[in-house]
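Let us walk through this structure step by step. Keep the sequence and the 3D view side by side.

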Amino acid sequence: MKIVSTIEEVRAQVRAWKTEGNTIGFVPTMGYLHEGHLSLIDAAGENDHVVVSIFVNPMQFGPNEDLASYPRDLERDAALCKKHNVDLIFHPTPEEMYGESFYSYVDMDVLTKELCGLSRPVHFRGVCTVVAKLFNIVLPDKAYFGQKDAQQLAIIKRMVKDLNMPLTVTGCPIVREKDGLAKSSRNTYLSPEERKAALVLSRSVFLGKAMAEQGETNAEKIKEAMTAEIKSEPLARIDYVKIVDLKTMQQVKTIQGGVLAAIAVYIGKTRLIDNFMTDENEGK
Ligand code: AMP
């Protein structure tokens with residue numbers, strides 16, 4: 001396994017692989033890897049070679065967000081990648097990615113204006129721009145994203161379609177802790193008391209999912225039950241609880257077809273997200 005930090009080094013390796021006719025699977029991450037990331041890396045193993053990027057992208061953080069405190073541990077990440085048969089880690093500096101000045105952005109309408117886009121107004125512009133750049137650098141045949149970030153997955157799929165990017169995007173299921181909490185690098189921010197309180201997210205998601213599975217089609221009723229569950233936890237503060245069409249991110253009244261129920265909740269200062277889809281195949 002190689003670890004490189006320059007775009008030129010990635011390009012040289014990719015050129016060599018492509019010359020041999022080999023396929024490339026790509027997993028973009030911000031590092032501090034956990035089993036969620038590793039499930040994407042394992043899925044990418046269906047390609048001849050696997051590339052993982054580890055880059056805490058400043059462009060997708062708002063001014064009062066956790067860019068400085070975001071957990072980082074390249075040595076640990078590299079050991080995990082090696083164990084999971086990664087061929088190349090791309091670990092650039094912000095200077096390598098953005099140079100001294102930077103003027104070009106990928107800005108998406110509609111899908112980025114809802115859910116997390118409302119509380120994190122610059123977030124998806126940063127995500128789309130960095131992912132487009134990474135796709136241009138790595139030239140993957142397939143890229144893998146988690147359903148944990150369901151809105152991000154929908155946005156990346158849409159970007160690839162709208163801009164005719166020559167790759168396929170695969171969505172992978174949410175990986176959870178044994179007690180239900182969705183795995184996240186940000187879970188490390190939680191105190192022991194907050195860690196317990198954070199279970200309210202998965203409880204709310206499982207409750208909503210069970211209602212939908214039992215045939216409840218009234219989105220408002222499911223939303224109310226999920227909201228009440230979260231409100232029962234004193235350390236939790238709701239950012240949003242919404243049920244939206246998976247393709248448009250617009251709220252729906254009735255559950256039918258591919259629907260996403262998504263929540264964002266502050267536990268103390270830590271903002272966590274979780275979701276369920278009524279048809280997980282739609283999110284793949
Ligand atoms: P991040 O490092 O948080 O930017 O995440 C990198 C990729 O891992 C994204 O596609 C995430 O959706 C995915 N991911 C993060 N947590 C999980 C999880 N618990 N289950 C599945 N995928 C995840």
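In which strand does Thr270 lie? Thr270 belongs to strand E9, residues 270-277. Helices (H or I, at least four residues) and strands (E, at least two) are DSSP runs, numbered from the N terminus. This is a predicted model, in which local features need pLDDT of at least 70, side-chain atom pairs count only at pLDDT 80 or more, and totals for chains, interfaces and linings use all residues. Residues are numbered from 1 along each chain as its sequence is written, and side-chain values use heavy atoms, with hydrogens and water left out.

Stay with Thr270. Its relative accessibility is 5%, so Thr270 counts as buried. Buried means under 20% relative accessible area, exposed over 50%, partly exposed in between (1.4 Å probe, protein chains only). Leaving aside residues up to four places away in sequence, Thr270 touches Arg186, Tyr189, Leu190 and Val265. Contact here means heavy atoms within 4.5 Å.

Which residues of H10 are buried? They are Ala219, Ile222, Lys223, Met226 and Ile230. Seen down the axis of H10, these buried residues fall within an arc of 100°, so they line one face of the helix. The arc is that of the directions from the helix axis to the C-beta atoms. At the start of H10, a side-chain oxygen of Asn218 comes within 2.9 Å of the backbone nitrogen of Glu220.

Now turn to helix H3, residues 74-83. Asp77, Ala78, Leu80 and Cys81 are buried there. Down the axis of H3, its buried residues fall within an arc of 165°, so they too line one face of the helix. On the other side of H3, Glu75, Lys82 and Lys83 are exposed. The cover over the buried residues includes strand E1 (2-4), helix H2 (35-44), strand E3 (49-54) and strand E4 (88-90). Asn85 follows H3, with a positive phi near 60°.

H2 leads on to the ligand. H2 gives the most to the shell around the ligand, with three residues. An oxygen atom of the ligand is 2.9 Å from a polar backbone atom of Gly146. An oxygen atom of the ligand is also 2.6 Å from an N or O atom in the side chain of Asp149. A nitrogen atom of the ligand lies 2.9 Å from a polar backbone atom of Val175. Taken alone, the ligand exposes 490 Å², and the protein buries 92% of that.

Technical notes: Polar contact = N/O pair within 3.5 Å; in protein donor to acceptor, adjacent residues only side chain to side chain. Areas by Shrake-Rupley, 256 points an atom, 1.4 Å probe, with all protein chains shown as cover.
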